[in-house]
Amino acid sequence: MQAAKLKSMYLSLFVAFICYLLPWSGVGLLIRPDFVLLVLLYWLLRSPRLCNIGTAWFAGLLIDLASGGLFGQCGLAYAVTAFFAVTYQRRLTLFNIWQQSGYIFILLILNQLTLWMLKLFAGGESPGWSYLLPCVSGILLWQFIMFSRIGIETHADKN
Amino acid sequence: MPRRAIDNQYTPAFFVRGPSPFARLIFFAALSLSLMATDSRLHYLIEIRQGFVALLYPLQILANTPANVYKNTKDYFVTHNSLLSENQRLNTQAVMQSAELQRFKSLETENAHLRNLLDAAQSSAQPAKMGEILHMGRDPFTHKVIVNLGSRNNILEGQAVVDADGVIGQVTKVYPFSSEVTLITDKELAIPVQVERNGLRAIAFGHGKDTRIDLPYLPANVDIRKGDKLVTSGIDGVYPTGLAVAEVINIERNPNSPFASILGKPSAGIENHKQLLLIDLPDPNAMSPRAISKKTKPITPELSEPKADNASR
């Protein structure tokens, strides 16, 4: 079961990465949710043994490579977000879906703010409120990800 | 922590989670901070990055497929009428332009003749390559596009990029199969310009937030008007002289500031073109030493320009 879970984890991360690579432009680019981070958070909460801060960090590096940004900035932001997700993971699995969504929303905002701070240090411009739009679209997408319950069906089938 | 200490003594192997999250966080944070420092200050990672981006290229092609398939099917079902009208429009454009081209040729020979008489250096034509935009930059807050030509097509860092209406930007990163073009609306890109009406030289910077460009460091009493055309001045040795850059749309003269704040609207269709031209860098033998130093960091020489200008004024 563990191996099957691992496979579906990497597969879902790969699909999220492809979603990130789609040629977004204009408004779509502005509101594009952070697919990879959402899938990472799902697995972090579902099974922190398979997916931990290291996985998040490597995924962040991959995003940095694809985006052409400063090497390691997304890795750091993902690692920080993953840390807060893992620390409260045991409590979070007991939350109901609305409490979970609220916590995920805070994590998404935390990720954006960390990235923003790193970009400010690197000499970027200050983006304004539209910078937080991906958090809103992300929390909408989160409902679908929770609904999909990747990696849980296999467990139910076994029983 | 003391609360945990007791738990840990009796923790069955089932709950063992390896190093604590905090230790992992510190480790990876240190790793990424050192990576960021290496990348931004020491420039060691350029080759590694190029290799990885080349590996990602097939994935990129895969991700672009849905959009391409959609575009191709849409092109396939284009109507007879729209094709006819487009053909007609292009024909008219071709006739108009060939008339202009004839005038241009006679002017060019005349110009060469005059330059001969004056013993001035000949301005040589710079060859260019046609490229296509693969996708917009991944970060919505930097103004960049990715083009399908790379180091395999002899693209070099610092090349100027134009479309039919004017300057779009400059190549800032080159990968094997693609390259990154920073648009003139990006805050980090500076371009030496000249007011077409009176030859006044200035440096234009991207405005960042919207698709506008900024002319800072011009004194409040400068002779510039709304509607003035800005063209490349060519003193940097990268952009050919006389390409359209922008049109001045707003001038604010604040009595508290020694500088006027001037905004321009780019003449190139920065947001809506698919094809663009990458103009080759001028022959290195003909380059001035100032322009050669551009290779490592394309923006610095242009940045140093306005100070010299202001001092002479």
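Is A:Asn111 buried or exposed, and what is its relative accessible area? In this predicted model, local features need pLDDT of at least 70 and side-chain atom pairs count only at pLDDT 80 or more, while totals for chains, interfaces and linings use all residues. Residues are numbered from 1 along each chain as its sequence is written, chains are lettered from A and ligands numbered from 1 in the order in which they are written, and side-chain values use heavy atoms, with hydrogens and water left out.

A:Asn111 turns out to be buried, at a relative accessible area of 1% (buried is under 20%, exposed over 50%, partly exposed in between, with a 1.4 Å probe and protein chains only). The residue sits in helix α7 (residues 97-121) of chain A; helices are DSSP runs of H or I with at least four residues, strands are E runs of at least two, and both are numbered from the N terminus. Beyond four places in sequence, A:Asn111 is in contact (heavy atoms within 4.5 Å) with A:Asp34, A:Leu37, A:Ala77, A:Tyr78 and A:Thr81.

Helix α4 (residues 53-67) of chain A is largely enclosed by the rest of the structure, because 12 of its 15 residues are buried. Among them are A:Trp57, A:Leu61 and A:Asp64. These buried residues pack against α1 (2-21), α3 (35-46) and α5 (73-87) of chain A, and also against α2 (21-42) and α3 (46-76) of chain B. Just past α4(A), A:Gly68 has a positive phi of about 75°.

Over in chain B, B:Phe177 lies in the loop between β4 (166-174) and β5 (179-183) and is partly exposed, at 27% relative accessible area.
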